[in-house]
Amino acid sequence: MGQLYRRLLEYSQSDYYPYHMPGHKRTPLTEVLGRVGDIDITEIEGFDNLHQAEGLLRELQEHAARVYGTEESFYLVGGSTAGILSGVSAALPRGGFLLMARNCHKAVYHSVYLNGLRPVYLFPEIYEPVDLCKGVSPARVEELLYENPQIGAVLIVSPTYEGVVSDIKAVAEVVHRSGIPLIVDEAHGAHLGFHPAWPQSACRQGADLVIQSLHKTLPSMTQTALLHVNGGLVDRKRLKRFLSIYQTSSPSYVFMAGMEEAITYMEQHGREAMEAFLKKWNAMLERLGECRVLRILPVDGQDMPHDIGKLVISVKGTDISGQQLYERLLKQYHLQMELAAGTYVLAMFTVADGQEAYDRLTQAVLEIDDSLYVQAAGKRKRPEAEEKQCRSDAPLCGESIRPERRLELWEAWDREKEVMCLEDSRGRLAGEFVNLYPPGIPVLVPGEVIGEGMIQLIDRSVKAGLPMQGVTCHEGRAYITVLR
């Protein structure tokens with residue numbers, strides 16, 4: 001039992017009466033409160049304050065730093081979003097230049113907007129067989145830093161939403177030669193570093209700021225995350241100031257108790273739990289290697305560094321879309337995938353998954369693969385013509401989708417806007433973000449030109465039933481917000 005959780009239980013069983021927030025007064029008036037209400041408190045005597053941690057919460061954050069091998073760690077109760085906003089704001093002055101991978105989460109773009117930054121985009125290469133963005137190339141980072149000496153910080157995503165991992169050590173060496181910090185959005189990598197079969201965490205690979213979502217891959221509640229700090233390239237006083245701005249002034253002690261327990265679990269049982277995870281994962285991949293039509297990453301991507309636990313099932317070259325596969329798995333097999341994209345679906349596995357998770361998905365995928373194989377009887381396996389399908393199915397972060405930027409985000413987002421039919425928006429400037437959610441990576445950023453290829457991509461995505469934010473539909477037509 002974690003230290004904070006134990007103290008919360010002890011306090012809940014004491015005779016101290018709560019003449020303070022929260023308003024439920026530790027009385028279970030609702031069913032949900034009956035589960036957590038007795039340990040849900042505010043900043044009261046003996047429980048420290050996250051925004052000026054000097055006692056219990058300071059000890060917990062120091063414990064997190066020891067476990068992850070960093071100089072300093074901060075609890076985040078607003079998810080990785082709070083860490084990204086705080087980290088970018090601390091690393092750069094207002095109006096500064098940020099080298100950022102184009103496949104960053106929208107929270108990075110929000111930090112650009114809030115700080116009036118001037119982004120320089122790095123467009124990852126594409127792994128064609130399954131339409132995924134590859135890891136960030138250290139050589140390309142070096143080129144862009146040389147071409148843009150005004151850049152003050154670099155931010156990349158690793159692992160990506162689909163589990164693709166970059167060579168953080170090499171990227172960090174390149175970035176540090178310019179004397180600037182490397183920020184790594186490792187929201188999907190809180191489990192890294194606990195077993196040698198997995199890639200090492202950016203925390204131990206030279207990154208200056210690393211943001212991790214505990215709730216994504218560890219047994220922790222939604223909204224729980226960590227911000228790790230190494231080195232002296234980011235002013236830590238400034239960082240703490242922004243953490244106090246972007247984080248709630250009423251942090252959840254229930255969340256923080258859960259974070260302590262998740263970190264402690266991985267510290268004490270992580271190696272053993274991930275060893276069991278690895279055995280089930282490898283057995284599943286061996287069986288999925290029997291697929292004759294569907295492509296499976298990492299089975300079909302051995303040459304690309306990949307995070308164990310992220311299973312990409314590609315339908316590229318088949319007669320169905322990623323959304324159709326997603327719906328079939330959901331409706332026929334009652335399997336809820338994490339993500340549906342144009343040509344693939346994503347399933348996530350963690351240490352919390354039992355054997356049933358592997359067996360059910362494996363059986364479903366093999367059955368669907370068999371049915372697709374039968375449908376394609378008489379056709380050559382993965383015909384070359386189908387491999388070269390329309391690039392509007394391509395990843396939204398790659399070179400194929402590279403809209404021209406006419407205005408900076410912070411110049412465009414607050415201007416007057418109007419809504420118009422997508423097919424008539426050619427040549428206009430985007431007035432709102434357009435992105436597939438999840439994962440929340442923008443296709444269009446306010447101030448960018450809407451080109452023909454972009455119109456086709458958005459139209460195709462909408463017709464495929466993908467969850468596109470920033471696009472509305474009425475009477476069979478798609479509408480988009482543009483600048484007047």
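# Close-up views of a predicted model

**View 1. Pro 439 has its place in the loop between β15 and β16.** The model is predicted. A cis peptide bond joins Pro 438 to Pro 439, with omega at about 15°. The bond that leads from Tyr 437 into Pro 438 is also cis, and its omega is near -10°. Pro 438, like Pro 439, belongs to the loop between β15 and β16.

**View 2. Strands β16, β15 and β17, in that order, form an open sheet with antiparallel pairing.** The edges are held by β16 (441-444) and β17 (468-469); each has a single partner strand, so one side of each is left without a neighbour in the sheet. Helix α15 (residues 452-463) packs on this sheet and touches β15, β16 and β17. The direction of α15 makes about 125° with that of β16. Between β15 (residues 434-436) and β17, the antiparallel pairing runs over two bridges. Leu 436 is found opposite Met 468 of β17.

**View 3. Seven strands make an open sheet with mixed pairing, in the order β1-β9-β8-β7-β6-β2-β3.** Which strands stand at the edges? They are β1 and β3 (118-122), each with a single partner strand, so one side of each is left without a neighbour in the sheet. On average, and with direction ignored, neighbouring strands of this sheet are turned by 20° against each other. Inside the order, β2 (residues 97-101) pairs with β6 (residues 151-157) in the parallel sense, over four bridges. Leu 98 has Ala 153 in β6 as its bridge partner.

**View 4. Helices α5 and α9 lie across strands of the seven-stranded sheet.** Helix α5 (residues 106-115) lies across β2, β3 and β6. The angle of α5 to β2 is about 170°. Helix α9 lies across β1, β8 (209-213) and β9 (225-229), and runs at about 5° to β1.

**View 5. Helix α10 (residues 253-288) and helix α12 (residues 355-375) have axes that come within 10 Å and cross at roughly 10°.** With that crossing angle, α10 is roughly parallel to α12, because angles under 35 degrees count as roughly parallel. On the α10 side, the contact is made by Phe 277, Lys 280, Trp 281, Met 284, Arg 287 and Leu 288. On the α12 side, these meet Gln 355, Tyr 358, Asp 359, Thr 362, Gln 363, Val 365 and Leu 366. By class, the residues of the contact of α10 with α12 divide into seven nonpolar, three polar and three charged.

**View 6. The second largest pocket has a volume of about 410 Å³.** Its lining consists of 17 residues. Those that lie nearest the centre of the pocket are Ala 53, Gln 61, Glu 72, Phe 74 and Lys 240. Which elements give two or more residues to this lining? They are α3 (56-68), β1 (72-76) and α9 (236-246). The lining of the second largest pocket divides into six nonpolar, six polar and five charged residues.

**View 7. The structure holds one cavity of 30 Å³ or more.** The space in the largest cavity is about 40 Å³. Its lining is made up of Pro 119, Tyr 121, Arg 405, Leu 407, Glu 408, Leu 409, Val 445, Pro 446 and Glu 448. Of the lining residues, six are nonpolar and three are charged, with no polar residue.

**View 8. Arg 26 lies in the loop between α1 (3-12) and α2 (33-36).** Phi of Arg 26 is near 60°. That value is positive, in a residue other than glycine.

Definitions and conventions. Residues numbered from 1 in each chain as written. Predicted model: local features only at pLDDT ≥ 70, side-chain atom pairs only at ≥ 80, totals over all residues. Heavy atoms only, no water. Pairing = 2+ DSSP bridges. Contact = heavy atoms within 4.5 Å. Axes fitted to C-alpha atoms, helices over the stretch in contact; angles between N-to-C directions. Parallel < 35°, antiparallel > 145°, perpendicular 65-115°, else oblique. Nonpolar A, V, L, I, M, F, W, Y, C, P; charged D, E, K, R; others polar. 1 Å grid on protein atoms, 1.4 Å probe; cavity = no way out; pocket = protein on both sides within 12 Å on 5 of 7 lines; lining within 4 Å. Points joined across faces, edges and corners; volume = space filled by probe spheres on them.
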